[in-house]
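Thanks for coming, everyone. Please bring up the sequence and the model, and I will walk you through a few places in the fold.

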Amino acid sequence: MTYTAPGSPTRPRRGKPSRALSVLVVCVLLTALLVFFVLPVVWLLLAPTKTASQMTHDAPLSFGSFAQIGTAWHHLVDFQDGALLLWLRNSAVYSGGSLLLTLLTSVPAGYALALTRFRGRKLLLTITLVTMIMPSATLVLPIFLELNRSHLIGTAWSVILPFSFYPFGVYLVYIYFATSLPREILSAARIDGCSEWQIFQLIALPLAKPVIGLVAFFSFVGNWNNFFLPYLVLPNSDQFPVQVGLNQLLSSTPSFNPVAGAGLNITIPELALAIIIAILPVLVLFLFSQRTLVSGMLAGSTKE
C-alpha cells in the first residue's frame with residue numbers, strides 16, 4: 001500500500017485512456033484490412049456467380065447463382081479453343097521444371113557455402129546476396145540478351161532456366177546449414193569413414209527437409225506468378241503461362257478494351273473466374289504445406 005499524506009492531491013489513475021487508444025488503433029487497422037484486402041477478395045469470389053448485367057445493377061457483394069459459374073466456365077473453355085487449359089498446363093510445366101532444377105542447384109550450393117572452405121567462397125556469397133536483393137526487373141534485359149545469344153528465345157528453356165537459379169533459395173539453405181546443422185554429427189560421420197557426398201545425402205538432406213520445403217514453396221509461387229520474363233521471351237500464345245494468358249484474356253474483355261470483339265463472350269465474370277482458377281494451385285499448395293512452411297521458417301531459431 002502507498003501512503004498519501006493528508007492534504008496532498010490524489011494523482012489521477014492512468015492507463016485507461018492509453019488502453020482505449022490502443023483499442024481504437026486496432027479497430028482502425030482491422031477496418032482498413034477489411035476494406036482494402038478482404039472485401040476485394042469477397043467481390044472476386046462472388047463475381048463469377050453473376051452476369052455482366054447483374055455486375056452493373058445488383059449490389060457489389062450480392063450472390064448470383066451457381067448456374068452462372070458453369071456458364072462462365074464454358075465461355076472460358078471456348079475462348080481460343082481451350083487456351084486457358086493450355087496456359088495452365090504451360091505454367092505447370094514451367095514451374096515444375098524450374099522447381100526441380102532449383103532444388104538440384106540451391107541445396108548443394110547452400111550446403112557448400114555453409115560447410116566448406118574454398119577460394120572465392122566469400123565472393124560467391126556476396127554475389128548471391130547482391131543478386132537476391134536486386135529487383136528482378138533489372139535482370140530481365142541481360143537475361144534476355146543471354147537467352148537470345150544462346151538461341152533459346154521462344155522455347156520452354158527460356159523460362160525454365162532463368163527461374164531455376166534462385167539466389168534467395170541458396171541463401172535460405174546457407175543460413176540453415178550454417179546455424180542449425182550440428183558439427184559433431186558431421187565429425188562423427190567423417191571418423192566413421194563417410195565421404196562428403198554420403199554426409200550430404202544421408203545426414204544433411206534428411207535434417208534439412210523443412211528448409212527444403214520452404215525453398216520449394218517460395219520457388220514454385222514465384223515461378224507460377226511470374227509475368228514479365230515469359231511475356232518477353234515467349235512470342236506465341238500457345239506457349240504462354242497462365243499469368244501472361246490472363247493479360248490476353250483481359251485485352252479480350254470489352255469492359256477493359258472497347259475494340260475487343262463482341263462475340264467472344266468474355267466479360268467481367270469470366271475474367272474473375274479465370275483469376276480464381278489461376279491462383280487456385282498456389283492456394284491449394286499453401287493449405288497443404290502450412291506445417292512444413294512454419295517448421296521451415298522456424299528452422300535455426302532455437303538450438304538445444
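Start at Ile160. Leave out residues up to four places away in sequence, and Ile160 touches Val93, Tyr94, Gly97, Ser98 and Leu101. Contact here means heavy atoms within 4.5 Å. Ile160 lies in helix α7. Ile160 is buried, with a relative accessible area of 8%. For the terms: buried is under 20% relative accessible area, exposed is over 50%, and partly exposed is in between, using a 1.4 Å probe and protein chains only. Take Val93 from that list. Ile160 and Val93 are 67 residues apart along the chain, and their C-alpha atoms are separated by 8.6 Å.

A word on the source. This is a predicted model, where local features need pLDDT of at least 70, side-chain atom pairs count only at pLDDT 80 or more, and totals for chains, interfaces and linings use all residues. Residues are numbered from 1 along each chain as its sequence is written, and side-chain values use heavy atoms, with hydrogens and water left out.

Helix α4 covers residues 83-115 and helix α7 covers residues 157-164. Helices are DSSP runs of H or I with at least four residues, strands are runs of E with at least two, and both are numbered from the N terminus. At what angle do α4 and α7 pack? About 35 degrees, with their axes 8 Å apart. Axes are lines fitted to C-alpha atoms, for helices over the stretch in contact, and angles run from 0 to 180 degrees between N-to-C directions. The crossing of α4 and α7 is right-handed.

Who meets whom? From α4 come Val93, Tyr94, Gly97, Ser98, Leu101, Thr102 and Thr105. From α7 come Trp157, Val159, Ile160, Leu161, Phe163 and Ser164. By class, this contact has eight nonpolar, five polar and no charged residues. Nonpolar covers Ala, Val, Leu, Ile, Met, Phe, Trp, Tyr, Cys and Pro; charged covers Asp, Glu, Lys and Arg; the others, Gly among them, are polar.

Step back to the loop between α6 (140-149) and α7, where Leu152 is found. Leu152 is partly exposed, at 21% relative accessible area. Leaving aside neighbours within four places in sequence, Leu152 is in contact with Leu147, Trp157, Ser158 and Leu161. Leu152 and Leu234 are 82 residues apart in sequence, and 9.9 Å apart in space, C-alpha to C-alpha.

His151 lies in that loop between α6 and α7 too. Most residues other than glycine have a negative phi. His151 has a positive one, near 60 degrees. His151 counts as exposed, at 70% relative accessibility. Asp81 is another case: not a glycine, yet its phi is positive, about 55 degrees. Asp81 sits in the loop between α3 (66-78) and α4. Asp81 is exposed, with a relative accessible area of 77%.

On to aromatics. Rings of Phe, Tyr and Trp (its six-membered ring) pair if their centres lie within 6.5 Å; planes under 30 degrees apart are stacked, over 60 edge-to-face, and the rest tilted. How many aromatic pairs does this rule give? The count comes to 13. In one of them, Tyr176 and Phe177 have ring centres 5.6 Å apart and planes at 65 degrees, so the pair is edge-to-face. Both residues, Tyr176 and Phe177, are buried. The rings of Trp197 and Phe200 have centres 5.7 Å apart and planes at 40 degrees, so this pair is tilted. Trp197 and Phe200 both lie in helix α10 (residues 196-207), three residues apart, about one turn of the helix. Buried or exposed? Trp197 is exposed at 56% relative accessible area, whereas Phe200 is buried at 8%. Ring pairs link Tyr111, Tyr176, Phe177, Trp197 and Phe200 into a cluster.

Last, the whole chain. The protein chain has 15 helices and zero strands. Buried residues make up 33% of its 304 residues. Among contacts between residues at least 6 apart in sequence, 70% join residues at least 24 apart. The structure holds zero disulfides, a disulfide being a pair of cysteine sulfur atoms within 2.5 Å.

Definitions and conventions: A crossing is left-handed if the near helix is turned anticlockwise from the far one by less than a right angle, and right-handed if clockwise.
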